[in-house]
Amino acid sequence: MNSLIVASNRVPSPDQGSGSQGGLAVGVMNALSRTDGLWLGWNGNTEEAPSRDIDHYDFDGVRFATFPMSVEQHRLFYIGYSNEVLWPLFHYRPDMIEYNREKERGYLEVNQLFADNIRSVMDESSRIWVHDYQLIAVGHLLRQSGVEAPLGFFLHTPFPPWDLLRILPEYENLLHYLSAYDTIGFQTDLDLYNFRDCMKRGIGAEIEEDGTIVFDGRRSQADVYPISIDIDTAREMAEQGENSPTGQRLKRSLNNRPLMIGTDRLDYSKGLYKRFQAYERLLERFEERRGNVIYIQISPSSRTDVEEYAALRTTLERVTGHVNGRFAEYDWMPLRYLNRGYDRASIMGFLRQSRVALITPLRDGMNLVAKEFIAAQDPEDPGVLVLSHLAGASRELADGALLCNPFDIDGVAEVMERALSMPLEERRARWQSMMTVLQNNDIHQWSENFLAAMNQNAEQRREDQ
(Lines give C-alpha, C1' and ligand atoms only; values in the text may rest on other atoms or scores of the structure.)
Protein backbone atom coordinates (compact mmCIF):
# COMPACT_ATOMS: atom_id res chain seq x y z
CA MET A 1 0.00 0.00 0.00
CA ASN A 2 1.20 3.50 -0.80
CA SER A 3 2.81 5.38 2.05
CA LEU A 4 0.66 7.96 3.78
CA ILE A 5 1.86 11.38 4.94
CA VAL A 6 -0.35 13.19 7.44
CA ALA A 7 0.25 16.91 7.98
CA SER A 8 -1.23 18.79 10.93
CA ASN A 9 -0.21 21.88 12.82
CA ARG A 10 0.77 19.92 15.93
CA VAL A 11 1.68 16.27 16.34
CA PRO A 12 1.53 13.95 19.36
CA SER A 13 4.48 14.17 21.71
CA PRO A 14 6.25 11.05 22.98
CA ASP A 15 6.23 12.73 26.39
CA GLN A 16 2.44 12.35 26.54
CA GLY A 17 2.37 8.58 26.21
CA SER A 18 -0.04 6.70 23.98
CA GLY A 19 -2.80 6.56 26.56
CA SER A 20 -3.25 10.31 26.65
CA GLN A 21 -3.93 10.85 22.95
CA GLY A 22 -7.28 12.24 21.89
CA GLY A 23 -9.63 11.28 19.07
CA LEU A 24 -7.75 12.65 16.06
CA ALA A 25 -4.45 11.16 17.20
CA VAL A 26 -6.02 7.72 17.70
CA GLY A 27 -7.55 7.67 14.23
CA VAL A 28 -4.50 9.04 12.45
CA MET A 29 -2.08 6.79 14.34
CA ASN A 30 -4.19 3.78 13.38
CA ALA A 31 -4.18 4.79 9.71
CA LEU A 32 -0.44 5.47 9.70
CA SER A 33 0.45 2.19 11.39
CA ARG A 34 -1.36 0.32 8.59
CA THR A 35 0.22 2.25 5.72
CA ASP A 36 3.90 2.66 6.54
CA GLY A 37 2.97 6.25 7.18
CA LEU A 38 4.58 9.38 8.53
CA TRP A 39 3.11 12.25 10.56
CA LEU A 40 4.59 15.68 9.88
CA GLY A 41 4.06 18.90 11.81
CA TRP A 42 5.28 21.61 14.15
CA ASN A 43 7.09 20.38 17.26
CA GLY A 44 5.76 23.20 19.47
CA ASN A 45 9.12 25.00 19.74
CA THR A 46 9.96 28.50 18.54
CA GLU A 47 13.39 29.82 17.60
CA GLU A 48 14.65 33.30 16.85
CA ALA A 49 15.40 32.60 13.20
CA PRO A 50 13.51 30.44 10.67
CA SER A 51 14.88 26.91 10.43
CA ARG A 52 14.73 24.12 7.87
CA ASP A 53 15.78 21.44 10.37
CA ILE A 54 13.51 18.36 10.54
CA ASP A 55 13.68 15.94 13.45
CA HIS A 56 12.78 12.33 12.64
CA TYR A 57 11.71 9.83 15.31
CA ASP A 58 9.47 6.81 15.88
CA PHE A 59 6.64 6.75 18.42
CA ASP A 60 4.02 4.03 19.01
CA GLY A 61 5.04 2.29 15.79
CA VAL A 62 4.64 5.41 13.63
CA ARG A 63 7.31 7.62 12.03
CA PHE A 64 7.30 11.35 12.75
CA ALA A 65 8.92 14.39 11.18
CA THR A 66 8.74 17.58 13.22
CA PHE A 67 10.25 21.03 12.98
CA PRO A 68 10.27 24.39 14.81
CA MET A 69 8.88 27.77 13.79
CA SER A 70 10.50 31.11 14.26
CA VAL A 71 9.04 33.45 16.85
CA GLU A 72 7.81 35.70 14.05
CA GLN A 73 6.26 32.81 12.11
CA HIS A 74 4.41 31.68 15.23
CA ARG A 75 3.15 35.21 15.89
CA LEU A 76 1.82 35.81 12.39
CA PHE A 77 0.74 32.31 11.36
CA TYR A 78 -0.52 30.71 14.56
CA ILE A 79 -1.57 33.55 16.85
CA GLY A 80 -2.34 35.93 14.00
CA TYR A 81 -4.03 34.48 10.94
CA SER A 82 -5.01 31.06 12.30
CA ASN A 83 -6.44 32.11 15.67
CA GLU A 84 -7.32 35.77 15.20
CA VAL A 85 -8.76 35.46 11.69
CA LEU A 86 -9.73 31.96 10.58
CA TRP A 87 -10.83 30.58 13.95
CA PRO A 88 -13.40 33.32 14.69
CA LEU A 89 -14.50 33.40 11.04
CA PHE A 90 -15.14 29.65 10.94
CA HIS A 91 -16.93 29.78 14.32
CA TYR A 92 -19.31 32.54 13.18
CA ARG A 93 -17.70 35.31 15.25
CA PRO A 94 -16.86 38.09 12.78
CA ASP A 95 -16.73 40.56 15.67
CA MET A 96 -13.59 38.77 16.93
CA ILE A 97 -11.67 38.91 13.63
CA GLU A 98 -8.41 40.89 13.73
CA TYR A 99 -7.18 40.83 10.14
CA ASN A 100 -4.18 42.42 8.51
CA ARG A 101 -2.16 41.54 5.42
CA GLU A 102 0.99 40.84 7.37
CA LYS A 103 -0.77 37.95 9.17
CA GLU A 104 -1.94 36.56 5.84
CA ARG A 105 1.62 36.67 4.49
CA GLY A 106 2.81 34.88 7.63
CA TYR A 107 0.13 32.23 7.12
CA LEU A 108 1.31 31.55 3.58
CA GLU A 109 4.95 31.48 4.66
CA VAL A 110 4.33 28.71 7.19
CA ASN A 111 2.06 26.81 4.80
CA GLN A 112 4.97 26.97 2.32
CA LEU A 113 7.26 25.62 5.05
CA PHE A 114 4.90 22.66 5.51
CA ALA A 115 4.69 22.09 1.76
CA ASP A 116 8.48 22.17 1.38
CA ASN A 117 8.95 19.75 4.27
CA ILE A 118 6.32 17.39 2.83
CA ARG A 119 8.16 17.39 -0.50
CA SER A 120 11.40 16.52 1.29
CA VAL A 121 9.93 13.33 2.81
CA MET A 122 7.57 12.12 0.09
CA ASP A 123 8.22 9.68 -2.72
CA GLU A 124 6.37 8.73 -5.89
CA SER A 125 3.95 6.47 -3.98
CA SER A 126 3.00 8.97 -1.28
CA ARG A 127 -0.53 10.09 -0.45
CA ILE A 128 -0.90 13.29 1.54
CA TRP A 129 -3.65 13.98 4.08
CA VAL A 130 -3.72 17.57 5.38
CA HIS A 131 -5.65 18.53 8.51
CA ASP A 132 -7.50 21.64 9.55
CA TYR A 133 -7.78 25.36 9.03
CA GLN A 134 -4.15 26.19 9.82
CA LEU A 135 -2.93 24.38 6.68
CA ILE A 136 -5.57 25.10 4.03
CA ALA A 137 -3.01 26.43 1.53
CA VAL A 138 -0.62 23.45 1.71
CA GLY A 139 -2.30 21.47 -1.08
CA HIS A 140 -2.33 24.46 -3.41
CA LEU A 141 1.37 25.11 -2.78
CA LEU A 142 2.19 21.46 -3.41
CA ARG A 143 0.31 21.54 -6.72
CA GLN A 144 2.14 24.73 -7.70
CA SER A 145 5.45 22.91 -7.22
CA GLY A 146 4.34 20.09 -9.52
CA VAL A 147 3.16 17.51 -6.99
CA GLU A 148 0.42 15.30 -8.48
CA ALA A 149 0.11 12.87 -5.57
CA PRO A 150 -3.33 12.13 -4.09
CA LEU A 151 -4.22 15.02 -1.79
CA GLY A 152 -6.89 15.02 0.91
CA PHE A 153 -7.99 17.73 3.33
CA PHE A 154 -10.16 17.39 6.43
CA LEU A 155 -11.62 20.42 8.22
CA HIS A 156 -12.21 19.94 11.94
CA THR A 157 -14.08 23.24 12.41
CA PRO A 158 -17.37 24.36 10.88
CA PHE A 159 -17.30 25.95 7.43
CA PRO A 160 -19.01 29.36 7.27
CA PRO A 161 -21.83 30.33 4.91
CA TRP A 162 -21.26 32.57 1.93
CA ASP A 163 -22.34 35.87 3.52
CA LEU A 164 -19.95 35.26 6.41
CA LEU A 165 -16.99 33.98 4.39
CA ARG A 166 -16.88 37.07 2.21
CA ILE A 167 -16.21 39.25 5.25
CA LEU A 168 -12.64 38.00 4.90
CA PRO A 169 -10.45 40.09 2.59
CA GLU A 170 -9.15 37.91 -0.26
CA TYR A 171 -11.61 35.15 0.67
CA GLU A 172 -11.32 33.87 -2.89
CA ASN A 173 -7.82 32.69 -2.07
CA LEU A 174 -9.09 30.19 0.51
CA LEU A 175 -11.48 28.71 -2.03
CA HIS A 176 -8.72 28.50 -4.66
CA TYR A 177 -6.50 26.71 -2.15
CA LEU A 178 -9.19 24.15 -1.28
CA SER A 179 -9.82 23.35 -4.95
CA ALA A 180 -6.35 21.79 -5.12
CA TYR A 181 -7.40 18.74 -3.10
CA ASP A 182 -8.84 15.57 -4.58
CA THR A 183 -10.93 14.93 -1.47
CA ILE A 184 -12.25 17.46 1.05
CA GLY A 185 -13.94 16.27 4.22
CA PHE A 186 -16.36 18.10 6.52
CA GLN A 187 -17.98 17.26 9.83
CA THR A 188 -21.62 17.83 8.86
CA ASP A 189 -23.96 18.14 5.89
CA LEU A 190 -24.43 21.85 6.68
CA ASP A 191 -20.68 22.49 6.39
CA LEU A 192 -20.63 20.65 3.08
CA TYR A 193 -23.57 22.71 1.80
CA ASN A 194 -21.87 25.97 2.84
CA PHE A 195 -18.63 24.95 1.12
CA ARG A 196 -20.26 24.05 -2.18
CA ASP A 197 -22.30 27.24 -2.10
CA CYS A 198 -19.19 29.34 -1.46
CA MET A 199 -17.28 27.62 -4.25
CA LYS A 200 -20.10 28.39 -6.66
CA ARG A 201 -20.80 31.96 -5.56
CA GLY A 202 -17.27 32.95 -4.62
CA ILE A 203 -15.17 31.73 -7.53
CA GLY A 204 -17.69 30.41 -10.05
CA ALA A 205 -16.93 26.71 -9.58
CA GLU A 206 -19.27 24.26 -11.27
CA ILE A 207 -21.08 21.76 -9.03
CA GLU A 208 -22.06 18.64 -11.01
CA GLU A 209 -25.08 16.46 -10.20
CA ASP A 210 -22.99 13.97 -8.22
CA GLY A 211 -21.45 16.80 -6.17
CA THR A 212 -18.15 16.94 -8.04
CA ILE A 213 -16.61 20.40 -7.88
CA VAL A 214 -14.98 21.56 -11.11
CA PHE A 215 -12.74 24.62 -11.04
CA ASP A 216 -9.83 25.75 -13.18
CA GLY A 217 -9.61 22.38 -14.92
CA ARG A 218 -9.42 20.39 -11.67
CA ARG A 219 -12.08 18.12 -10.18
CA SER A 220 -12.58 17.70 -6.43
CA GLN A 221 -14.94 15.63 -4.33
CA ALA A 222 -16.25 17.02 -1.05
CA ASP A 223 -18.28 14.95 1.39
CA VAL A 224 -19.25 14.46 5.04
CA TYR A 225 -16.98 12.36 7.26
CA PRO A 226 -18.07 12.92 10.88
CA ILE A 227 -15.08 12.20 13.09
CA SER A 228 -15.58 9.80 16.00
CA ILE A 229 -13.70 8.07 18.82
CA ASP A 230 -12.14 4.75 19.76
CA ILE A 231 -15.07 3.32 21.75
CA ASP A 232 -13.25 0.42 23.42
CA THR A 233 -10.33 2.55 24.56
CA ALA A 234 -12.65 5.25 25.90
CA ARG A 235 -14.69 2.70 27.84
CA GLU A 236 -11.62 1.06 29.35
CA MET A 237 -10.12 4.40 30.34
CA ALA A 238 -13.40 5.48 31.95
CA GLU A 239 -13.57 2.34 34.07
CA GLN A 240 -9.93 2.71 35.10
CA GLY A 241 -10.39 6.42 35.82
CA GLU A 242 -13.46 5.86 37.97
CA ASN A 243 -11.59 3.34 40.12
CA SER A 244 -8.38 5.38 40.32
CA PRO A 245 -7.46 7.39 43.43
CA THR A 246 -8.52 10.56 41.61
CA GLY A 247 -11.87 9.07 40.63
CA GLN A 248 -12.56 7.79 44.13
CA ARG A 249 -11.62 11.15 45.60
CA LEU A 250 -14.17 12.83 43.34
CA LYS A 251 -16.84 10.31 44.33
CA ARG A 252 -16.29 10.99 48.04
CA SER A 253 -16.45 14.75 47.49
CA LEU A 254 -19.85 14.49 45.77
CA ASN A 255 -21.42 12.95 48.89
CA ASN A 256 -24.07 11.18 46.76
CA ARG A 257 -25.09 14.38 44.96
CA PRO A 258 -25.63 14.17 41.17
CA LEU A 259 -22.77 15.59 39.15
CA MET A 260 -23.10 17.78 36.08
CA ILE A 261 -19.83 18.16 34.21
CA GLY A 262 -18.36 20.25 31.44
CA THR A 263 -14.88 19.64 30.11
CA ASP A 264 -13.91 22.11 27.41
CA ARG A 265 -10.79 23.90 26.31
CA LEU A 266 -10.97 27.53 27.45
CA ASP A 267 -12.35 29.11 24.29
CA TYR A 268 -15.09 31.64 23.55
CA SER A 269 -16.68 29.22 21.06
CA LYS A 270 -17.55 26.78 23.86
CA GLY A 271 -20.30 28.95 25.38
CA LEU A 272 -18.96 28.70 28.93
CA TYR A 273 -20.14 32.12 30.08
CA LYS A 274 -23.72 31.45 28.99
CA ARG A 275 -23.52 27.93 30.47
CA PHE A 276 -22.58 29.40 33.85
CA GLN A 277 -25.50 31.81 33.54
CA ALA A 278 -27.86 28.92 32.77
CA TYR A 279 -26.65 27.03 35.84
CA GLU A 280 -27.32 30.10 37.98
CA ARG A 281 -30.82 30.25 36.46
CA LEU A 282 -31.34 26.57 37.33
CA LEU A 283 -30.58 27.30 40.98
CA GLU A 284 -32.84 30.35 40.87
CA ARG A 285 -35.86 28.63 39.39
CA PHE A 286 -35.59 25.10 40.80
CA GLU A 287 -34.98 25.61 44.49
CA GLU A 288 -34.92 21.86 45.19
CA ARG A 289 -31.60 21.73 43.33
CA ARG A 290 -29.91 23.97 45.87
CA GLY A 291 -27.63 21.77 47.90
CA ASN A 292 -28.56 18.82 45.70
CA VAL A 293 -26.38 19.13 42.59
CA ILE A 294 -22.74 19.93 41.82
CA TYR A 295 -21.47 21.36 38.55
CA ILE A 296 -17.80 20.89 37.75
CA GLN A 297 -16.32 22.79 34.80
CA ILE A 298 -12.83 21.73 33.73
CA SER A 299 -11.28 24.21 31.29
CA PRO A 300 -7.52 24.24 30.91
CA SER A 301 -6.11 27.45 29.46
CA SER A 302 -5.37 27.56 25.75
CA ARG A 303 -3.82 30.10 23.39
CA THR A 304 -2.63 32.15 26.33
CA ASP A 305 -0.93 34.59 23.95
CA VAL A 306 -4.33 35.65 22.56
CA GLU A 307 -5.86 38.52 24.56
CA GLU A 308 -9.46 37.33 24.24
CA TYR A 309 -8.68 34.06 26.01
CA ALA A 310 -7.12 35.76 29.02
CA ALA A 311 -10.19 38.00 29.26
CA LEU A 312 -12.50 34.98 29.13
CA ARG A 313 -10.64 33.32 31.99
CA THR A 314 -11.07 36.44 34.13
CA THR A 315 -14.79 36.59 33.31
CA LEU A 316 -15.40 32.95 34.25
CA GLU A 317 -13.53 33.34 37.52
CA ARG A 318 -15.71 36.34 38.35
CA VAL A 319 -18.95 34.51 37.52
CA THR A 320 -17.87 31.47 39.54
CA GLY A 321 -17.36 33.66 42.58
CA HIS A 322 -20.73 35.29 42.02
CA VAL A 323 -22.64 31.98 41.78
CA ASN A 324 -20.90 30.43 44.75
CA GLY A 325 -21.25 33.60 46.80
CA ARG A 326 -24.96 33.70 46.08
CA PHE A 327 -25.89 30.05 46.65
CA ALA A 328 -23.15 28.18 48.55
CA GLU A 329 -23.75 26.69 51.99
CA TYR A 330 -21.21 25.69 54.61
CA ASP A 331 -21.34 22.09 53.33
CA TRP A 332 -22.03 22.63 49.62
CA MET A 333 -20.21 24.48 46.83
CA PRO A 334 -22.49 24.56 43.76
CA LEU A 335 -19.88 25.37 41.08
CA ARG A 336 -16.33 24.09 40.87
CA TYR A 337 -14.42 25.81 38.08
CA LEU A 338 -11.04 24.20 37.46
CA ASN A 339 -8.73 26.13 35.16
CA ARG A 340 -6.25 23.29 34.74
CA GLY A 341 -5.84 20.08 32.79
CA TYR A 342 -6.13 16.47 33.94
CA ASP A 343 -4.85 13.32 32.29
CA ARG A 344 -7.27 11.67 29.92
CA ALA A 345 -7.97 8.67 32.17
CA SER A 346 -9.05 10.98 34.98
CA ILE A 347 -11.32 12.97 32.65
CA MET A 348 -12.91 9.78 31.35
CA GLY A 349 -13.46 8.61 34.93
CA PHE A 350 -15.11 11.94 35.78
CA LEU A 351 -17.40 11.58 32.75
CA ARG A 352 -18.42 8.09 33.84
CA GLN A 353 -19.51 9.38 37.25
CA SER A 354 -21.56 12.26 35.82
CA ARG A 355 -25.33 12.23 35.71
CA VAL A 356 -25.29 15.01 33.12
CA ALA A 357 -22.70 16.23 30.58
CA LEU A 358 -23.07 19.86 29.58
CA ILE A 359 -21.78 20.39 26.04
CA THR A 360 -23.22 23.71 24.92
CA PRO A 361 -20.87 25.40 22.43
CA LEU A 362 -22.00 28.47 20.53
CA ARG A 363 -20.51 26.73 17.49
CA ASP A 364 -18.42 23.57 17.14
CA GLY A 365 -17.10 21.40 14.36
CA MET A 366 -17.93 18.13 16.08
CA ASN A 367 -17.10 18.03 19.83
CA LEU A 368 -15.66 14.62 20.57
CA VAL A 369 -16.23 15.00 24.32
CA ALA A 370 -19.92 14.38 23.59
CA LYS A 371 -19.01 11.01 22.11
CA GLU A 372 -16.50 10.23 24.86
CA PHE A 373 -19.20 10.86 27.46
CA ILE A 374 -21.46 8.30 25.76
CA ALA A 375 -18.71 5.67 25.60
CA ALA A 376 -17.77 6.31 29.24
CA GLN A 377 -21.20 5.56 30.66
CA ASP A 378 -22.31 2.54 32.67
CA PRO A 379 -25.00 0.94 30.43
CA GLU A 380 -27.04 0.01 33.51
CA ASP A 381 -27.09 3.56 34.87
CA PRO A 382 -26.11 5.98 32.10
CA GLY A 383 -26.02 9.74 32.32
CA VAL A 384 -27.74 12.26 30.07
CA LEU A 385 -26.09 14.30 27.34
CA VAL A 386 -27.17 17.96 27.14
CA LEU A 387 -25.95 19.11 23.74
CA SER A 388 -26.06 22.40 21.85
CA HIS A 389 -27.84 22.11 18.53
CA LEU A 390 -24.98 24.24 17.16
CA ALA A 391 -22.41 21.48 17.79
CA GLY A 392 -21.60 19.20 14.88
CA ALA A 393 -22.30 16.16 17.06
CA SER A 394 -25.96 17.14 17.25
CA ARG A 395 -26.40 16.09 13.62
CA GLU A 396 -25.73 12.48 14.64
CA LEU A 397 -26.93 12.35 18.25
CA ALA A 398 -30.26 14.20 18.04
CA ASP A 399 -32.33 11.12 18.90
CA GLY A 400 -30.57 10.49 22.21
CA ALA A 401 -29.23 13.81 23.46
CA LEU A 402 -31.29 16.62 24.95
CA LEU A 403 -30.70 19.41 22.45
CA CYS A 404 -30.67 23.05 23.50
CA ASN A 405 -29.97 26.52 22.17
CA PRO A 406 -26.98 27.84 24.16
CA PHE A 407 -28.17 31.44 23.68
CA ASP A 408 -31.44 30.67 25.54
CA ILE A 409 -30.46 30.84 29.23
CA ASP A 410 -33.90 29.81 30.54
CA GLY A 411 -34.16 27.06 27.97
CA VAL A 412 -30.79 25.57 28.92
CA ALA A 413 -31.73 25.72 32.61
CA GLU A 414 -34.95 23.83 31.85
CA VAL A 415 -33.04 21.20 29.89
CA MET A 416 -30.61 20.81 32.81
CA GLU A 417 -33.56 20.16 35.12
CA ARG A 418 -35.08 17.68 32.70
CA ALA A 419 -31.76 15.84 32.49
CA LEU A 420 -31.40 15.68 36.28
CA SER A 421 -34.97 14.41 36.64
CA MET A 422 -34.93 11.87 33.80
CA PRO A 423 -36.09 8.34 34.76
CA LEU A 424 -33.66 5.46 34.42
CA GLU A 425 -35.61 3.73 31.64
CA GLU A 426 -35.51 6.83 29.43
CA ARG A 427 -31.82 7.39 30.19
CA ARG A 428 -31.03 3.84 29.07
CA ALA A 429 -33.04 4.17 25.86
CA ARG A 430 -31.42 7.48 24.91
CA TRP A 431 -27.95 6.19 25.70
CA GLN A 432 -28.46 3.06 23.59
CA SER A 433 -29.61 5.17 20.63
CA MET A 434 -26.44 7.25 20.76
CA MET A 435 -24.18 4.27 21.40
CA THR A 436 -25.48 2.60 18.25
CA VAL A 437 -24.46 5.68 16.26
CA LEU A 438 -20.94 5.47 17.68
CA GLN A 439 -20.66 1.75 16.98
CA ASN A 440 -21.63 2.30 13.34
CA ASN A 441 -18.93 4.94 12.85
CA ASP A 442 -15.94 4.75 15.18
CA ILE A 443 -12.63 6.52 14.66
CA HIS A 444 -11.16 3.62 12.69
CA GLN A 445 -14.10 3.53 10.29
CA TRP A 446 -13.78 7.30 9.88
CA SER A 447 -10.15 7.16 8.74
CA GLU A 448 -10.76 4.14 6.52
CA ASN A 449 -13.69 5.84 4.80
CA PHE A 450 -11.75 9.03 4.15
CA LEU A 451 -8.65 7.29 2.81
CA ALA A 452 -10.71 5.03 0.59
CA ALA A 453 -12.43 8.08 -0.91
CA MET A 454 -9.09 9.83 -1.33
CA ASN A 455 -7.67 6.88 -3.26
CA GLN A 456 -10.76 6.59 -5.45
CA ASN A 457 -10.94 10.29 -6.26
CA ALA A 458 -7.24 10.52 -7.08
CA GLU A 459 -7.55 7.51 -9.38
CA GLN A 460 -10.52 9.12 -11.13
CA ARG A 461 -8.50 12.30 -11.59
CA ARG A 462 -5.67 10.37 -13.23
CA GLU A 463 -8.13 8.67 -15.59
CA ASP A 464 -9.65 12.02 -16.56
CA GLN A 465 -6.29 13.60 -17.40
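Visitor: Which residues in α12 do Ala-234, Met-237, Ala-238, Glu-239, Gly-241 and Glu-242 in α8 meet?
Guide: This is a predicted model, in which local features need pLDDT of at least 70 and side-chain atom pairs count only at pLDDT 80 or more, whereas totals for chains, interfaces and linings use all residues. Residues are numbered from 1 along each chain as its sequence is written, and side-chain values use heavy atoms, with hydrogens and water left out. Taking contact as heavy atoms within 4.5 Å, the α12 residues that these meet are Arg-344, Ala-345, Met-348, Gly-349 and Arg-352.

Visitor: At roughly what angle do the axes of helix α8 and helix α12 cross?
Guide: Axes are lines fitted to C-alpha atoms, for helices over the stretch in contact, and angles between N-to-C directions run from 0 to 180 degrees. The axes of α8 (residues 231-243) and α12 (residues 344-352) come within 7 Å, and they cross at roughly 85°.

Visitor: What does that make α8 in relation to α12?
Guide: Angles under 35 degrees count as roughly parallel, over 145 as roughly antiparallel, 65 to 115 as roughly perpendicular and the rest as oblique. The crossing is roughly 85°, which means that α8 and α12 are roughly perpendicular.

Visitor: How many helices and strands does the secondary structure of the protein come to?
Guide: Both are DSSP runs numbered from the N terminus, helices (H or I) having at least four residues and strands (E) at least two. On that basis, the protein comes to 17 helices and 16 strands.

Visitor: What radius of gyration does the protein have?
Guide: Taken over C-alpha atoms, the radius is set against a globule rule of 2.2 Å times the number of residues to the power 0.38. A compact globule with 465 residues would come near 23 Å, and the protein agrees with this, having 23 Å.
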